[in-house]
Amino acid sequence: MVDLKQIAEDLTKGKAPEVKELVQKAVDEGGDVEKILNEGILAGMSVVGDRFKKNEIYVPEVLIAAKAMKQAMEVLQPFLTEKDTKRKGKIVLGTVKGDLHDIGKNLVGMMLEGAGFEVIDLGVNVAPEKFIQVAKEKSADCAGLSALLTTTMPAMKQMINSLNKSALKGDLKVIIGGAPVTQDYADEIGADGYAPNAASAVDVVKELLAKF
Ligand code: B12
């Protein structure tokens, strides 16, 4: 039997081929796909996130681990999609206007997809109205906004102000994140949720969309 801890450990070291192989083996052995995801891949990514927060590792290591995660997710994705025939919810995700940082946003997107949510990634430099327009078109349940610059955080407030004036008010949940963003800021601007990292973003979105 594949040791899921080994998957997590190899992932923290960015060993993409090993991680992919072990995940494939675990699936072939008939392992529980959600368990492989949670106790293998996401457990590993959570360690990577913690180490990054403590400055024990830096952006390149995070990216290498994220790449390993992405490859491993390719193995799991068909099973996850099959299992969640009715997806848990739809999220429009983007980095706010004026901001080009997307590493964290991409990690959040990957983790959400891994957890069974449908993610519509709008990319970077996304105008407040764009989030609302696409959410409306695609009947999204939640908008995820990322900002890495203190100067672009006000774009989150603008999006919420626009949302409150739109027909989607109350229907579209908003979760925000990014290094300078805090729970206090989320409360101040009236966001529905905040998460400090990709792993907890999944928990917060699950809570917000509990009706699914
Ligand atoms: C990589 C990087 C860049 C890259 C971005 C590449 C890319 N494709 O993203 C490049 C080189 C392009 C860049 C450019 C700039 N950068 Co820069 N950059 C960084 C750096 C080193 C790392 C950011 C990162 O990717 N972290 C890794 C990820 C995994 O962490 P994260 O983004 O925080 O995401 C996690 C959480 O925040 C959360 N999260 C993130 N998004 C979301 C969204 C939701 C919905 C939720 C729930 C959670 C969530 O989950 C993620 C995963 O756990 C930071 C320094 C730092 N240590 O943070 C500076 C930093 C953010 N940059 C900074 C600056 C100033 C700039 C520039 C203005 C520099 C310049 N003079 O040109 C430009 C701005 C360009 C622009 N308009 O956006 C400053 C910001 C200062 C400030 N307080 O505003 C920082 C803090 C560096 C510094 N100490 O000065 N940068």
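Reader: Which polar backbone atom is 2.7 Å from an oxygen atom of the ligand, that is, in which residue?

Author: That one belongs to Asp-102. A polar contact here is a pair of N or O atoms within 3.5 Å; within protein, one must be able to donate a hydrogen and the other to accept it, and residues adjacent in sequence count only if both atoms are side-chain atoms. Other backbone N or O atoms facing a ligand oxygen include one of Leu-100 at 2.6 Å and one of Ala-179 at 3.3 Å. Before we go on, this is a predicted model: local features need pLDDT of at least 70, side-chain atom pairs count only at pLDDT 80 or more, and totals for chains, interfaces and linings use all residues. Numbering starts from 1 along each chain as its sequence is written, and side-chain values use heavy atoms, with hydrogens and water left out.

Reader: What is the protein donor of the cobalt atom of the ligand?

Author: For a metal, look for donors: N, O and S atoms within 2.8 Å (3.2 Å for Na, K and Ca); water is not among the atoms, so sites may look incomplete. Here the only protein donor is NE2 of His-101, at 2.3 Å from the cobalt. His-101 sits in the loop between S1 and H5. Those labels are DSSP runs numbered from the N terminus: helices are H or I with at least four residues, strands E with at least two.

Reader: Which residues come nearest the ligand, and which element gives the most to the shell?

Author: A residue is near a molecule or strand if one of its heavy atoms lies within 4 Å of it. Of the 28 residues around the ligand, the nearest are Leu-100, His-101, Asp-102, Ser-146 and Thr-150. H5 gives the most, with five residues. By class, the shell has 16 nonpolar, nine polar and three charged residues. Nonpolar means Ala, Val, Leu, Ile, Met, Phe, Trp, Tyr, Cys and Pro; charged means Asp, Glu, Lys and Arg; the others, Gly among them, are polar.

Reader: What volume does the largest pocket have, and how many residues line it?

Author: Rolling a probe the size of a water molecule over the atoms shows where empty space is left. On a 1 Å grid over the protein atoms alone, a pocket is an open set of points where a 1.4 Å probe fits, with protein on both sides within 12 Å along at least five of seven lines; lining residues have an atom within 4 Å of a point. Points are joined across faces, edges and corners, and the volume is the space filled by probe spheres set on them. The largest pocket comes to about 880 Å³. Its lining has 38 residues, and Gly-104, Ala-179, Pro-196, Asn-197 and Ala-198 lie nearest the centre. By class, that lining splits into 25 nonpolar, nine polar and four charged.

Reader: In what order do the strands of the open sheet run?

Author: Two strands pair if DSSP finds at least two bridges between them. The order of this five-stranded open sheet is S2-S1-S3-S4-S5, with parallel pairing. S2 and S5 (193-194) are the edges, each pairing on one side only. S1 and S3 share five bridges, and Thr-95 has Ser-146 in S3 as its bridge partner.
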